[in-house]
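Hi everyone, thanks for making time for this.

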Number of protein chains: 2
Amino acid sequence: MASWKPLLQAAMDSHAHLKHSSFIQLATLGTSGRPANRTVVFRGFPDASDRIQIHTDSRSCKIEEIKHCPFGEICWYFTESWEQFRINGRIEIIDNSSSDAVKIQQREKAWHSISHKSKLQYLVPPPRLPYTEEPSKDYQLDPSAGPVDAFSVLILDPDQVDYVNLKSNVRWIFTSRMGDGGKIWMHEKVNP
Amino acid sequence: MASWKPLLQAAMDSHAHLKHSSFIQLATLGTSGRPANRTVVFRGFPDASDRIQIHTDSRSCKIEEIKHCPFGEICWYFTESWEQFRINGRIEIIDNSSSDAVKIQQREKAWHSISHKSKLQYLVPPPRLPYTEEPSKDYQLDPSAGPVDAFSVLILDPDQVDYVNLKSNVRWIFTSRMGDGGKIWMHEKVNP
């Protein structure tokens, strides 16, 4: 198991009463070459791995950005314990064009894990385009149906985690390398 | 005045009771070409402008990163009002090598605005280097002395602000251009 994950899990547990504690900031490289940064929702570690799952609209800018540069850094700050995790890695997009059976299933599972209200957000007019008055129609969604086209899953596979605790003034850098049996994590205590 | 600033000011005012509401995430481009992202503290709008002031250690990675690519995006999420500001612009570094009289004064003023405890953070061993046991010595700081070498000021000069209110489901994109009398802001209502 990644050695930073118990630290993150403990921070998540101690902040479970705060809805915003699952809101994280994801930085990507904008298509203009400038950094981009926005809040997204942490949706779990798929298959109990150390990868991080996020859901997004296929029509949002970040999809183009990630296709252009597949690296990102999550900044996850815990407001009560004063802990920060900077999680850097490669991002994979799982969208309606995925043909891999495992990924199709992963996207289906993600879709069924979200609320009806969250699902409806993928049916509204495209984000960031000039505002269009929403028609008064009710969007119909069959609860048993699979994901709509605009629903995408992002999986960030970390290869570096920079952890700092501003109360105890302790900082660790976790880095990974590929070994024979998969990813191996090392860590070093550094000055905060 | 920048048309997004009253919105930001109102969000700041309504969250003034929350210490973490001045903590913002700054994305830059890492020297490896990957995005970098970390929490920093909002230190005000210098000279009542629409620019954003941040303090940092000259020895931190972000200084090298900003010298390499001077653009950044701040993500500022307000946890109670569900408002997000994404503030993109060029970042200027004001450090101990600045020779411009106005900038020297701006750095002096910033130094004297911070607490004694904050000042001491610029005297400790360099961040991110292998941990060195801190000697038990007390760092001595003359309260009237000017900034120490490691103290830098960052000024982000916004040219785009993406505002979204997740309660009212309203999103505005503010963009600027240079006019005869300085920066002119335009805005457009877009789909959230």
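**A walk through the model**

Let's begin with strand E2 of chain B, residues 35-41, which is mostly covered: six of its seven residues are buried. Buried means under 20% relative accessible area, exposed means over 50%, and partly exposed is in between, with a 1.4 Å probe and protein chains only. Helices (H or I, at least four residues) and strands (E, at least two) are DSSP runs, numbered from the N terminus.

A word on where this comes from: it is a predicted model, in which local features need pLDDT of at least 70 and side-chain atom pairs count only at pLDDT 80 or more, while totals for chains, interfaces and linings use all residues. Residues are numbered from 1 along each chain as its sequence is written, chains are lettered from A and ligands numbered from 1 in the order in which they are written, and side-chain values use heavy atoms, with hydrogens and water left out.

Back to the strand. E2(B) runs antiparallel to strand E1 of chain B, residues 23-29, and seven bridges join them; two strands pair if DSSP finds at least two bridges between them. As an example, B:Phe23 has B:Val41 in E2(B) as its bridge partner. The hairpin of E1(B) and E2(B) has five residues between the strands, and B:Gly33 there takes a positive phi near 95 degrees.

Moving on along chain B, where do we find B:Arg43? B:Arg43 sits in the loop between E2 and strand E3 (52-57) of chain B. With 36% relative accessibility, this arginine counts as partly exposed. Leaving out residues up to four places away in sequence, B:Arg43 touches B:Gln53, B:Ile54, B:His55, B:Ile114 and B:Ser118, where contact means heavy atoms within 4.5 Å. Take B:His55: it is twelve residues from B:Arg43 along the chain, and their C-alpha atoms are separated by 7.2 Å. Their side chains make a polar contact at 3.5 Å. A polar contact is a pair of N or O atoms within 3.5 Å; within protein, one must be able to donate a hydrogen and the other to accept it, and residues adjacent in sequence count only if both atoms are side-chain atoms.

Next, the cysteines. How many disulfides are there over all chains? The count is zero, where a disulfide is a pair of cysteine sulfur atoms within 2.5 Å. For B:Cys69, the closest cysteine sulfur is in A:Cys69, 12 Å away, so that is too far for a bond. For B:Cys75, the closest is in A:Cys75 at 9.5 Å, again too far for a bond. B:Cys75 counts as buried, at 0% relative accessibility.

Now the rings. There are 21 aromatic pairs over all chains. The rings of A:Trp76 and A:Phe78 have centres 5.4 Å apart and planes at 20 degrees, so this pair is stacked. Rings of Phe, Tyr and Trp (its six-membered ring) pair if their centres lie within 6.5 Å; planes under 30 degrees apart count as stacked, over 60 as edge-to-face and the rest as tilted. Both A:Trp76 and A:Phe78 are buried. B:Trp111 and B:Phe151 form an edge-to-face pair, 5.1 Å centre to centre with 70 degrees between the planes.

Finally, the two chains. A rotation of 180 degrees with 0.0 Å of shift along its axis superposes chain A on chain B, RMSD 0.0 Å, by least squares on the C-alpha atoms of residues with pLDDT of at least 70 in both. The two copies are thus related as by a two-fold rotation axis.
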